Amino acid sequence: MSDEILYDDSHIRFLEDMWGEGFLSPGGADEAALVVEGLDLSGKTVLDIGCGSGAIAVLLAEKLGAARVVGIDVEEPVCAAARNRAEQKGLSDRIEIRLVEPGPLPFDNESFDVVYSKDSIIHIPDKEALCTDAYRVLRPGGWLAASDWLIKHDDEPSPEMRDYIRAEDLDFAMASPARYNTAMQAAGFTNIALRNRNAWYRDVAAEELERLTGNERTLLEAAHGADFIAGQVSTWSLMLPVLQSGEHCPHHIRGQKPD
Ligand SMILES: C[S@@+](CC[C@H](N)C(=O)[O-])C[C@H]1O[C@@H](n2cnc3c(N)ncnc32)[C@H](O)[C@@H]1O
């Protein structure tokens, strides 16, 4: 990972214009809640890995019943935004945001009931270590429930996928569903389930490109600069074909630590 800040204030503002206040990934509150659909979070302690600018930590505490949320992230601008959001919502006593170093999770064994993450593990190359560490910090019976951007296979990315990943310029480390499944099994998880969200995001991303190129373009250019928006149009244009081919396949990923 480079030392450069990838999610600086201007990038945060752009992504929030695309995806909603406090959301740095697609789908807003509905998609974030779907990741934990069917899990009862009431009274639970939740770790949010890669909390970004904090709308999901707030959602988990305010709407989904978590008693306590610890959001961790590796960049200070998003941590500052997330802390601010929690404070403005009057939730600072239940939401703690911590700036951490990439690497092992800085928590004791069996500290959390749920380990949550939305579209952040893509930045963590060692999926096997992450799964083992998530398992370690979970209490028996606890769940890992994540959304992430996956690649369909473990071969070299197609030329189209390579061009898209290069355009994102965000240190993406995409892994396949098969690799996640094996990593979760090896860590000890049971009740493993992977749900492909390609069909959903394929349609949403096409709408996003329409927003970037249509009526909203002038407003977005005024807010973020014409060159920046042209760059984003180019990235989205490279993303659509790899979503349409299914090579880029966001998934929801879930597994339970046995009781
Ligand atoms: C696409 S954003 C998603 C943020 C948030 N989960 C959301 O959906 O709004 C990815 C986040 O992962 C964070 N990240 C990158 N590497 C990380 C790591 N090793 N551990 C935790 N977070 C990391 C980034 O700083 C960024 O805030």
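Contact here means that heavy atoms lie within 4.5 Å. The model is predicted, so that local features need pLDDT of at least 70 and side-chain atom pairs count only at pLDDT 80 or more, while totals for chains, interfaces and linings use all residues. Residues are numbered from 1 along each chain as its sequence is written, and side-chain values use heavy atoms, with hydrogens and water left out.

**Exercise 1.** Find which residues Ile95 touches, leaving aside those up to four places away in sequence.

*Solution.* Step one is to apply the contact cut-off to Ile95, which gives Ala57, Val58, Ala61, Val69 and Ala86.

**Exercise 2.** Find which polar atoms of Leu24, Asp73 and Ser120 lie by ligand oxygen atoms.

*Solution.* A polar contact is a pair of N or O atoms within 3.5 Å. For Leu24 the polar atom belongs to the backbone, at 2.7 Å from a ligand oxygen. For Asp73 a polar side-chain atom lies 2.5 Å from a ligand oxygen, and for Ser120 a polar side-chain atom lies 3.3 Å from one.

Note on methods:
A polar contact is a pair of N or O atoms within 3.5 Å; within protein, one must be able to donate a hydrogen and the other to accept it, and residues adjacent in sequence count only if both atoms are side-chain atoms.
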